[in-house]
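The sequence and structure are shown first.

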Amino acid sequence: MVIQRIFAVLYMLAGIGKAFPALENVPEILARAAKANEGTWYYAPSLWFAEHGMFMSTLVGICLFGSGLALWLNPRWVKRVIYAQLAMMVVFMTILHRAEPKVLFLDSIFILASLYFLRLQHQRLPKLKALLSKKFSEPKSLKRPESNVFDSQYDVVIVGGGVSGLTAASEFEDARVLVLEKSPTFGGNARFHLHDNLKHPTAGVCFQEPQPGSQMAALLKKLGLADAYKNSAAATLVFFDTKLLLSSILEVTVGFLKFPSYLIKPSVWALTGQLLKNALIGKPYVVSPKQLGDPIFADLYQFLDNFHPSKPLYPAVPFVENDAWSQTDMAVMDKMSLYTYLFDEANRPELPDHLVPPKKLGKLVENAVETTLRVECLDIHQVSAYVGLHFLVGYLRGNLVTLAGGNGNISSALNNYLSTKKNVTLANEAKVTALENINEGVQIAFERGEQAFTIVAKQLIWAAPKPAFTALFDDIPKAQLDAIQAIRHEDYYLANALLTKPVMTSSFGGYMIEPAPKNSPFSWCRAGTCLVANWMDDTTKSNVGVLTMLKPTTRDERQGQTAKEDFFGLQQQSYFEIARVLENQGINPNIVEDIQIWYWPQGLVTSVMGQQAQQLFETASQSIGHIHFANQDSIGVGNIESAIAAAHIAVKRVRDAVQPHLSNQDKRDTSEVVL
């Protein structure tokens, strides 16, 4: 700041000097320049300047003094002044260098100083801002029935009204089903909110493009959403950290040289220019369409294509043994980290030829892989190569799709679908207090409002996190209890920046490829993506905007830390992150109206090395008497596809548990009518 103020004084003195011809006779200098520039392409503007010498002297004096004053006061818009000064110096260096050679040296000093000041401005943090939200956001209550009326017995009771529980309920056509959800609303980790009728996610955002015939495709069709989602393939951006991209310039260059056709694309050279400019002036991000980086990631992409969901080598979770995947190969892959597999050849065990990854993957690729995994609370050094491949195939190489409001649109559609089914009862704010297996099924005690209830279910599906089950049920086999206790659940935060106007509306948003900030007090809870709600909900045509930042954590990063007691600190840190993205795009962060933060404690299940090979999730999810399990922690992967898959497994177990007690005729009737 001291240097900036020194130059501010110099600018103001230079401006004042223009008023004293004895110090600097601008009209005379311009006349000499016009004569010296005869025959050059810039002779015409030189002549015009000379003909309007007094006017130019006054104008330049005012501009210099004003620029100095701006540098001294240092407002947010001083960057515009510096850009204008740079443009003016380039013009006058061109006009005057033949007549006044010393201008090249003098103005070069001022140009270097201006670039330095720009770097300072781009590193400048916004001031703390008073925002409306003062605490973590919570789901709003649904209107409950005026009276609590429940039957004494149900065919199926489902505990947990997230996507898994609601999907399971939707599979029963005539069975009497009761869904108990402790929260005010249904949806679990798939919810949305409204900002001036603009839907924006408050938890899960997107999912992999459904494969034909998949469970996800069938569910979307049943809910009338089969054609409602948008594909983000052509609308995803990558926010490359400028310093990281510059340090990886050799990796980038080699990647593009392998694909000469890219070198004739104007967008590639525009990206190069953007990198050089950002390196000079200190802009934090180089923003690029995701597909423009394909040459850099070509080796990884080509390898990942071998594992496409349509091919035998797809790393399915739960594991499915086939001709391409043996149990032995899967176990080897699951017992080493993804980092070792892709980036540490020296410590990689011997693998079959078809599983050997590319030999040289650069630092930029490593950072991209790390960011992709972090969005799902996975650490590249802890997640297994098998599960890591599963995610990379879907989330880095595959196409992501989304609905207005994100995955909350699916849970909302499920809720609406079930509300029309006479055989299904939905009960929110219902807290289960006791469970017991009895001869007739499962006895369930729960509270709703100030009333307590006891009912019996012939079969029960526990579709909530399993740790909550262990607190209610004592008779769990030791091996199963050990498996449940070994499952890792991670905290998840999501920050929604409510804006006074829409921004970046032509983009889904994108990944932020950057090194971990070491000095930030919330570096363990940093954003991995910045997503645009207006792009998802483009039918609303809202005059406001929402940017969504996913802020997942991994266990080692947070080391017991939580922002639960420091909402204001995390809110301001989220504002800084949003402001950096906006300012990098030339958008004033003053359009941020509020930062709402949603906190989902232990909200996402993660799989670490060895757990899939040990069949830990299958062991944890074994049926106990009449009790069956669904939810992400039955699969070990924290995405909506796993929640849906777990629901189908649980429904099948319910049907299998009922049918052996019936005659052949009753089996047919039960499968077709009751369950």
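Predicted model: local features only at pLDDT ≥ 70, side-chain atom pairs only at ≥ 80, totals over all residues.

## Aromatic rings

One aromatic cluster is formed by Phe-136, Tyr-493, Phe-522, Trp-524, Phe-567 and Tyr-599. Across the structure there are 33 aromatic pairs. Phe-446 and Phe-453 make a stacked pair, because their ring centres lie 5.2 Å apart and their planes meet at 20°. Both Phe-446 and Phe-453 are buried.

Phe-469 and Phe-473 also form a stacked pair, with 5.2 Å from centre to centre and 20° between the planes. Phe-469 counts as buried because its relative accessibility is 0%. Phe-473 counts as buried at 6% relative accessibility, since the cut-off for buried is under 20%.

## Charges over rings

The charged end of Arg-5 is placed over the ring of Trp-72, at 4.6 Å from the ring centre. Lys-265 has its charged end over the ring of Tyr-262, 4.0 Å from the centre of that ring.

## Cavities

The model has 4 cavities of 30 Å³ or more. The largest cavity holds about 100 Å³ of space. Its lining consists of Val-238, Phe-240, Lys-290, Phe-297, Tyr-301, Ala-368, Thr-372, Leu-396, Tyr-511 and Ile-513. Strand β7 (236–241), helix α15 (363–374) and strand β15 (509–513) are the elements that each give two or more residues to this lining. By class, the lining of the largest cavity contains 8 nonpolar, 1 polar and 1 charged residues.

The second largest cavity holds about 60 Å³ of space. Around the second largest cavity are Cys-377, Leu-378, Asp-379, Gln-382, Val-383, Arg-488, Glu-490, Thr-554, Arg-555, Thr-606, Ser-607 and Val-608. This lining divides into 4 nonpolar, 4 polar and 4 charged residues.

## Cysteines

How many disulfides does the count come to? The count is 0 disulfides. A disulfide requires two cysteine sulfur atoms within 2.5 Å. For Cys-525, the closest cysteine sulfur is that of Cys-377, at 9.3 Å, so the two are too far apart for a bond. Cys-377 is also one of the residues lining the second largest cavity. For Cys-530, the closest cysteine sulfur belongs to Cys-206, at 13 Å, which is too far for a bond.

Are these two cysteines, Cys-525 and Cys-530, buried or exposed? Cys-525 is buried, with a relative accessible area of 0%. Cys-530 is buried as well, with a relative accessible area of 0%.

Definitions and conventions
Residues numbered from 1 in each chain as written. Heavy atoms only, no water. Buried < 20%, exposed > 50% of the residue type's maximum accessible area, 1.4 Å probe, protein only. 1 Å grid on protein atoms, 1.4 Å probe; cavity = no way out; pocket = protein on both sides within 12 Å on 5 of 7 lines; lining within 4 Å. Points joined across faces, edges and corners; volume = space filled by probe spheres on them. Helix = DSSP H or I, 4+ residues; strand = E, 2+ residues; numbered from the N terminus. Nonpolar A, V, L, I, M, F, W, Y, C, P; charged D, E, K, R; others polar. Phe/Tyr/Trp six-rings, centres within 6.5 Å; stacked < 30°, edge-to-face > 60°. Lys NZ or Arg CZ within 6 Å of the ring centre and 35° of its normal.
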